[in-house]
Amino acid sequence: MIRFAVLGSGSSGNSYLFSTDRSSVLVDAGFSLKELRRRAALAILDFETVKGLCLTHMHPDHNRGAGVFARKTGMPVHVHGNLVTHSVPEFTALGVPEHLVRTFEPGRPFVAGDFVITAFPTSHDSPHSVGFSLEAEGRCLTVLTDTGTVDDGMRFFIGRSDVLFIEANHDRKMLEEGPYPWMLKRRIAGEKGHLSNADTIGVLNESTLPAEALLYFCHLSRVNNRPEVLARACEQHMTWKGNATICEHGAVYNGCITRGDFVP
Ligand SMILES: [Zn+2]
Ligand SMILES: [Zn+2]
């Protein structure tokens, strides 16, 4: 069985934990190590079996705990190779000890604990940003947040997911009419920003996401979205009718999925 948790999502911190009976993998560390541990305990998951951390991109709400995580746990941090070869300052500033840095290339699977992980490029205003597909026990779990557009590569991983964590960042009207400065509104709604509720529902409607998949809407803006606004949009416009959970900003969610027949 694979257990998983959204340890938190939204601009105040993002992190996801995936566990088999023997090992765990963390995707993003937008909280302090202490807070990651506290949230894992809330999700009834064993943080001490974590074998590595995979980072989607270099915004602080996804990586602010990465340096301390590596230094205190001695576990590796997996990042896009270009962040290292191009000495991207946001990555250098994390202070991950060199011997704990592991690099990956999108499309080339790598292993962390019991998981075979494939990164795929996203469209975001952070260099070399990615999403992740994790496979173990014949199951495929995908994390896709922080992207302004969805391309065929992302659609491929959405379509084969047994569990999908996808961003529904903002309601377009709330963003337009909200308090953010004009430049920030344009950035969020842009091609290198975030998916709106309508964007995500459109992507799901056109996807081959299996009806029995588990879907989690994540990274909801506290200012420009609300769970009930997204729920109404889903009722009105979503033709995918599976099991969907709307993750409130900052809250912890857990779940599990049994072994599948799918062989990666
Ligand atoms: Zn983010
Ligand atoms: Zn971001």
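Visitor: How many residues of strand β11 (residues 163-167) are buried?

Guide: A residue is buried if 20 or more other C-beta atoms lie within 10 Å of its own, exposed if 12 or fewer, and partly exposed in between, with C-beta atoms placed from the backbone. Strand β11 is mostly covered, since 5 of its 5 residues are buried. Val163, Phe165 and Glu167 point one way from β11, Leu164 and Ile166 point the other way, and all are buried. This is a predicted model, in which local features need pLDDT of at least 70 and side-chain atom pairs count only at pLDDT 80 or more, while totals for chains, interfaces and linings use all residues. Residues are numbered from 1 along each chain as its sequence is written, and chains are lettered from A and ligands numbered from 1 in the order in which they are written.

Visitor: How many helices and strands does the protein have?

Guide: Helices (H or I, at least four residues) and strands (E, at least two) are DSSP runs, numbered from the N terminus. The secondary structure here comes to 10 helices and 14 strands.

Visitor: In what order do the strands of the open sheet stand?

Guide: Two strands pair if DSSP finds at least two bridges between them. The open sheet has 7 strands in the order β7-β8-β9-β10-β11-β12-β13, and its pairing is mixed. Its edge strands, β7 (110-112) and β13 (243-246), each pair on one side only. From one strand to the next, the twist averages 25°.

Visitor: Which way does β10 run relative to β9, and in which sense does β10 pair with β11?

Guide: Strand β9 (residues 130-136) and strand β10 (residues 139-144) run antiparallel and are joined by 5 bridges. In that pair, Phe132 stands opposite Val143 in β10. By contrast, β10 and β11 pair in the parallel sense over 4 bridges. There, Thr142 stands opposite Leu164 in β11.

Visitor: How is the packing of helices α9 and α10 described?

Guide: Two packed helices are described by the angle between their axes and the distance between the axes. Axes are lines fitted to C-alpha atoms, for helices over the stretch in contact, and angles run from 0 to 180 degrees between N-to-C directions. Helix α9 (residues 197-205) and helix α10 (residues 227-237) pack at an angle of about 35°, and their axes are 10 Å apart.

Visitor: Which residues make this contact?

Guide: Two residues are in contact if their C-beta atoms, placed from the backbone, lie within 7 Å. Asn197, Ala198 and Ile201 of α9 meet Leu230, Ala233, Cys234 and His237 of α10.

Visitor: What is the radius of gyration of the protein?

Guide: The radius of gyration is taken over C-alpha atoms, and the globule rule is 2.2 Å times the number of residues to the power 0.38. With 264 residues, a compact globule would have a radius of gyration near 18 Å; the protein has 17 Å, which agrees. Of these 264 residues, 46% count as buried.
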